[in-house]
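Okay, thanks for coming, everyone. Let me put today's structure up on the screen, and then we'll walk through it together.

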Amino acid sequence: MKILYFAWVRQKIGYAEEINTPPLNVKTAEQLIDWLIGLSEGHAEAFANRSTIRIAIDQQFAEPNDSIVKAVEVAFFPPVTGG
Amino acid sequence: MTVCLQEPPFDVGLEISRMTAERKDVGAVASFIGIAREDNPDEGAEPVIAMTLEHYPGMTENQLLEIELEARKRWQLIDCLIIHRYGRFIPGDPIVLVVTLSSHRKAAFEACEFLMDYLKTQAPFWKREETETGERWVAARQTDNDAASRWATKT
């Protein structure tokens with residue numbers, strides 16, 4: 001699975017993407033975050049305040065409870081600020 | 001119907017001329033241009049020296065296309081254009097252009113505003129500002145969410 005980070009989430013983690021295979025019991029975006037925060041201090045810091053994290057699964061906005069089981073690409077980022 | 005994600009600047013006059021050329025059915029053209037500003041009191045008192053817009057390649061284009069499709073479902077548009085730039089900007093630089101064409105002004109005005117409101121909350125862009133004291137990520141504004149959600153009940 002490709003995991004992408006943008007804006008300050010990327011800065012806190014220290015890189016923009018990683019290819020990773022979470023354990024089989026990781027089934028939702030929220031559970032993926034639970035697992036990711038164990039990977040490094042940067043991950044833990046990036047996900048410290050989950051209400052500020054937005055999720056996209058295969059480039060579609062998603063909710064924490066949405067399944068990532070069949071996902072190819074999951075992205076985490078702050079609320080968007082374009083325009 | 002066009003969506004462009006690009007680094008270089010755009011020429012508003014040229015874009016509108018292209019869209020209206022050889023047409024006799026256009027009665028109204030509405031446009032919005034978003035420009036990088038020097039002041040951002042929401043984030044602090046220091047003037048903004050420059051701003052960098054980051055985006056999510058792939059998803060950004062898809063979201064812009066979806067937003068455009070939604071506008072065309074809701075209003076009778078003859079044509080519309082969204083150009084959104086990314087990269088580094090200084091105050092005064094144009095960042096986004098939305099142009100809508102319709103027979104009568106109401107559809108063009110409303111669709112233009114809708115496109116901007118939706119774009120601000122649905123397109124994956126992030127702004128980072130540079131000031132004399134350092135850099136900061138711009139926080140999302142509740143007023144932008146409110147602006148987008150007021151369209152939710154309208155058809």
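So, how many residues of chain B are in contact with chain A? Taking contact as heavy atoms within 4.5 Å, 28 residues of chain B are in contact with 19 residues of chain A.

Some housekeeping. This is a predicted model, where local features need pLDDT of at least 70 and side-chain atom pairs count only at pLDDT 80 or more, while totals for chains, interfaces and linings use all residues. Residues are numbered from 1 along each chain as its sequence is written, chains are lettered from A and ligands numbered from 1 in the order in which they are written, and side-chain values use heavy atoms, with hydrogens and water left out.

Back to the interface. The two chains bury about 1,800 Å² between them, and 57% of that is on carbon and sulfur atoms. Buried area here is the accessible area, with a 1.4 Å probe, that two parts lose on being put together, summed over both. Look for Tyr56(B), Trp126(B) and Trp137(B): they supply 36% of the area that chain B buries against chain A, more than any other three residues.

What about polar links? The rule finds 13 residue pairs in polar contact across the interface, both residues at pLDDT 80 or more. A polar contact is a pair of N or O atoms within 3.5 Å; within protein, one must be able to donate a hydrogen and the other to accept it, and residues adjacent in sequence count only if both atoms are side-chain atoms. On the side of chain B that touches chain A, the largest share, 5 residues, comes from α3(B). Helices, by the way, are DSSP runs of H or I with at least four residues, strands are E runs of at least two, and both are numbered from the N terminus.

There is also 1 salt bridge across this interface, meaning a side-chain nitrogen of Lys or Arg within 4 Å of a carboxyl oxygen of Asp or Glu. Glu54(B) pairs with Arg10(A), with the closest N and O atoms 2.4 Å apart.

Now, which residues touch the most other members of the largest nonpolar core? Phe47(A), Phe76(A) and Tyr56(B) do, in a core of 31 residues. A nonpolar core is a set of buried Ala, Val, Leu, Ile, Met, Phe, Trp, Tyr and Cys residues joined through side-chain atoms within 4.5 Å. Buried means under 20% relative accessible area, exposed over 50%, and partly exposed in between, using a 1.4 Å probe and protein chains only.

Last stop: the structure holds 18 salt bridges over all chains. In one of them, Glu30(A) meets Arg50(A) at 2.6 Å, N to O. Glu30(A) lies in helix α2 of chain A and Arg50(A) in the loop between α3 and β3, so the pair ties together parts that are 20 residues apart in sequence. Glu30(A) is partly exposed, at 28% relative accessible area.

Over in chain B, Glu70(B) pairs with Lys73(B), 3.8 Å between the closest N and O atoms. Both lie in helix α2 of chain B, 3 residues apart, about one turn of the helix.
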